[in-house]
Amino acid sequence: MDLTLKQVLIEPNQPIEHVTFMEAGYTSIAAVDGRSAIELGIIGREGMVGVPVVLYARTSPFNFFVQHDGRGLRMAASRLEVIIDERPSIHRVLLRYAQALSVQTSGTAFVNAEHTVETRLARWLLMCHDRLDGDDIEITHEFMSMMLGVRRSGVTTATHVLEGNGLIQAKRGVITILDRERLEEMADNAYGLPEAEYARLMAQGQ
Amino acid sequence: MPRYFLHLQYREGPDGLAVDEEGDEVTSPDALREHVEQTARDLMRGARLGAIPDWRTCTFEVTDEAGKLVLTLPFAEVADARL
């Protein structure tokens, strides 16, 4: 199925009817409070939307919505529940993904406490870049402001700093990654650990 | 609602101006100053930027949709008012 910007895949505290295996684009896990939202994690083609089902939880307190247009394969949650009961080898892989996603969201907590807006922006752009083909990331500052939990001026200034260093180019509504290597240097220890843990866990096979 | 653009002068010189291309909608021109002051307070309270060791050195240059400068707000004014 096609996934379009802002499409809600899982609503907070509502029964999860479907899980979505992402093929393109990415989905945000966000804590939503009235009009504001803060991003906790990103799910792209490396993962699935609906990890609570794998853990035998049919609801989540968080909102899962499409942050970048894409595609996904949908499966009824009830069907997945049968599959994980009957096929432990599949369940094991999905449980390891659940752990990888948990490490990623813990990483978000770490950087929010520890790092500057520039570093957090660099991490976030790298995570988006990982999940897209090409170097253009379609995003407004308004949206980044929500995702990073910082007033828009803070995001605009951080973008200006990264652009001034030649790491990205920012045009209205699009950020282009110019120098990924140096962006990773800028992100420092804010980026890389969850990605390495994902690779390690997924390499374990069934 | 009128839209205003909050450009942030965070370092001296033209390279130190972060240009706001998106803007904020503000209910009325009368509400503008309060909106800009609140934004400055939120930034000082919650945004940690490597490029800005001291928010009190920053200034908002606010323009309207025609590009006319309508308000200049040094963060120091807002910071001092809190003391």
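**Close-up views of the predicted model**

**View 1. The hairpin of S8(A) and S9(A).** In this predicted model, strands S8(A) and S9(A) form a hairpin in which 2 residues lie between the strands. A:Gly173, in the turn, has a positive phi of about 85°. Strand S8 covers residues 168–171 of chain A and strand S9 covers residues 174–177 of chain A; the two pair in the antiparallel sense over 4 bridges.

**View 2. The hairpin of S3(A) and S4(A).** Strand S3 (residues 18–33) of chain A and strand S4 (residues 36–43) of chain A run antiparallel and are joined by 7 bridges. A hairpin is formed by S3(A) and S4(A), with 2 residues between them. The turn contains A:Gly34, whose phi is positive, at about 65°. A:Ile43 in S4(A) stands opposite A:Thr27.

**View 3. Pairing of S3(A) with S6(A) and S5(A).** S3(A) is joined by 11 bridges to strand S6 (residues 63–76) of chain A, and these two strands run antiparallel. A:Met22 has A:Gly72 as its bridge partner in S6(A). S3(A) also pairs with strand S5 (residues 48–49) of chain A, in the antiparallel sense and over 2 bridges. Here A:Val49 in S5(A) is the bridge partner of A:Thr20.

**View 4. The crossing of helices H5(A) and H6(A).** Helix H5 (residues 141–148) and helix H6 (residues 152–164), both of chain A, have axes that come within 8 Å and cross at roughly 105°. An angle from 65 to 115 degrees counts as roughly perpendicular, and H5(A) and H6(A) are therefore roughly perpendicular to each other. On the side of H5(A), the contact is made by A:His141, A:Glu142, A:Met144, A:Ser145 and A:Leu148. H6(A) contributes A:Arg152, A:Val155, A:Thr156 and A:Thr159. The residues of this contact between H5(A) and H6(A) comprise 3 nonpolar, 4 polar and 2 charged.

**View 5. The contact between chain A and chain B.** Chain A gives 18 residues to the contact and chain B gives 17 residues. On the side of chain B that touches chain A, the elements that give two or more residues are strand S1 (3–9) and helix H1 (32–46) of chain B. H1(B) supplies the largest share of that side, 4 residues. By residue class, the side of chain B that touches chain A has 8 nonpolar, 3 polar and 6 charged residues.

Notes
Residues numbered from 1 in each chain as written. Chains lettered and ligands numbered in written order. Predicted model: local features only at pLDDT ≥ 70, side-chain atom pairs only at ≥ 80, totals over all residues. Contact = placed C-beta atoms within 7 Å. Nonpolar A, V, L, I, M, F, W, Y, C, P; charged D, E, K, R; others polar. Axes fitted to C-alpha atoms, helices over the stretch in contact; angles between N-to-C directions. Parallel < 35°, antiparallel > 145°, perpendicular 65-115°, else oblique. Pairing = 2+ DSSP bridges.
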